[in-house]
Amino acid sequence: MRSRRRMYSAVMRFFLKCLRLGQRRRFWLTRQVEQLWLYGRLCLRSLLYNSFADGDTALDALFEPIYWLVDHVTRWFGVVFVALVITLTSSVVVIVYVCLIPLILQTYPIAWVFWHIIYGHWNLVMIVFHYYMAITTQPGYPPQQSKSDVAAVSICRKCIAPKPARTHHCSICNRCVLKMDHHCPWLNNCVGHFNHRYFFSFMLFMTMGCIYSSVSGWDMFWEAYAAIETYSQTPPPTFSFRQRAFHKSVVYAWVLCSSVALALGALMLWHSVLITRGETSIERHINRKERKRLQWKGKVFRNPYSYGPLGNWKVFLGVERHRHWVTRVLLPSTHPPYGSGLSWDTAPCVAEQKTPLLAI
Ligand SMILES: [Zn+2]
Ligand SMILES: [Zn+2]
């Protein structure tokens with residue numbers, strides 16, 4: 001009986017010992033896992049630590065894949081859009097040369113022939129020149145290294161480089177652009193300090209060309225449209241293939257020109273308002289907010305880059321003398337814009353008129 005009890009207590013002791021050992025081992029294992037977790041977390045934090053990290057950075061990081069997709073799709077679309085502009089413009093030019101000019105030469109009085117030939121070709125040259133210059137001229141980029149002549153007003157978070165006044169980061173070009181207006185998919189290029197004038201002149205001359213074509217082709221359009229309406233009549237009219245192609249080409253060219261005249265004309269007028277105010281499209285939003293903020297404080301906002309309506313146009317178009325209205329505005333000109341785009345001093349052509357007004 002006693003030996004059985006002794007054996008029982010020995011088994012129990014052994015069992016308890018095993019239990020304690022298991023507990024100790026489990027405790028040791030838990031400690032190890034916990035330490036490993038703490039070490040990993042510390043390691044990750046020290047690697048990713050950034051004193052500028054905040055909610056905005058986290059959101060930016062979360063949306064980064066979407067931004068990447070949009071930027072790359074827009075970049076790819078840019079090539080398609082440029083090809084579309086060239087194809088559509090060329091199609092209208094071909095229709096004019098093949099269908100309309102022979103008709104004008106045969107039927108119009110000599111004065112009208114001269115007008116159409118001279119005006120039409122001047123307008124075409126201005127469109128082609130400004131579009132070519134707008135897509136091939138770089139908008140202007142700030143230097144990557146800090147330079148003494150760069151009056152930086154902030155640091156770009158994406159380029160980690162000084163950002164001069166009026167410079168903004170384009171997420172599609174993935175770099176900062178001097179006096180950035182917007183990224184234009186129709187040019188597949190950013191509109192900035194060095195190509196802003198080409199962009200605007202292209203819009204202006206394209207709108208003028210489309211209005212000219214729509215107005216002068218009005219009668220021809222209605223005649224061709226009326227002829228197309230008779231196609232479904234019985235008995236069918238006896239138009240040849242050439243005549244049918246002529247009717248359809250005239251209607252196509254007129255509808256395209258009048259649609260572009262309306263859409264591009266509206267955009268051109270909006271940009272004219274911005275240029276008159278001495279603002280870019282981006283500054284329009286910034287200045288509106290600033291105007292409201294200062295108004296709330298009982299102060300008046302004044303655009304520091306505005307030289308008055310006429311002064312703004314002179315600076316924008318590079319008109320320094322009276323003859324420049326003809327040689328630099330009405331004729332193709334490659335003159336550079338005033339200033340480097342890095343700092344904004346008063347241009348000499350407006351210096352005597354008005355000095356820039358600062359926010360007060
Ligand atoms: Zn940047
Ligand atoms: Zn861009």
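In the predicted model, Arg293 has a relative accessible area of 39% and is therefore classed as partly exposed. Its salt-bridge partner is Glu290, with the closest N and O atoms 2.7 Å apart, and Glu290 is likewise assigned to the partly exposed class, at 25% relative accessibility. Both Arg293 and Glu290 belong to helix α7, where a separation of 3 residues places them about one turn of the helix apart.

This pair is one of the 4 salt bridges that the structure holds. Another joins the side chains of Glu283 and Arg166, at an N to O distance of 2.7 Å. Glu283 and Arg166 are both buried. A further salt bridge is formed between Glu279 and Arg277, for which the closest N and O atoms are 3.9 Å apart; the cut-off for such a pair is 4 Å. Here Glu279 is buried, with 5% relative accessibility, while Arg277 is partly exposed at 36%. Arg277 and Glu279 are also joined with Arg291 in a network of salt bridges.

The zinc ion (ligand 1) is coordinated by the SG atoms of Cys156, Cys159 and Cys176 and by ND1 of His169, at 2.0 to 2.3 Å. The angles among these 4 donor atoms run from 101 to 126°, and the site of the zinc ion (ligand 1) is tetrahedral. Along the sequence, the donor residues of this ion are spaced C-x2-C-x9-H-x6-C. Within the site, Cys156 in strand β1 (residues 152–156) and His169 in strand β3 (residues 168–170) are 13 residues apart, and the pair links distant parts of the chain. Cys156 is buried, its relative accessible area being 3%.

The zinc ion (ligand 2) is coordinated by Cys170, Cys173 and Cys190, each through SG, together with His183 through ND1, at 2.1 to 2.3 Å. The arrangement is tetrahedral because the 4 donor atoms around the zinc ion (ligand 2) subtend angles of 102 to 116°. For comparison, the ideal angle for four tetrahedral donors is 109.5 degrees. The spacing of the donors of the zinc ion (ligand 2) along the chain is C-x2-C-x9-H-x6-C.

Ser306, which is found in the loop between α7 (281–296) and α8 (309–317), makes a side-chain to side-chain polar contact with Asn312 at 3.2 Å. With a relative accessibility of 16%, Ser306 counts as buried.

As regards confidence, the chain averages a pLDDT of 87, and 92% of the residues score at least 70. Over residues 355–360, however, pLDDT stays under 50, and for this stretch the model has 16 contacts beyond four places in sequence. Where pLDDT is low, the predicted coordinates should not be read in detail.

Key
Residues numbered from 1 in each chain as written. Chains lettered and ligands numbered in written order. Predicted model: local features only at pLDDT ≥ 70, side-chain atom pairs only at ≥ 80, totals over all residues. Heavy atoms only, no water. Donors = N, O, S within 2.8 Å, 3.2 Å for Na, K, Ca; no water. Tetrahedral: all angles 85-135°; square planar, octahedral: opposite > 155°, others 65-115°. Helix = DSSP H or I, 4+ residues; strand = E, 2+ residues; numbered from the N terminus. Buried < 20%, exposed > 50% of the residue type's maximum accessible area, 1.4 Å probe, protein only. pLDDT = per-residue confidence, 0-100. Contact = heavy atoms within 4.5 Å. Polar contact = N/O pair within 3.5 Å; in protein donor to acceptor, adjacent residues only side chain to side chain.
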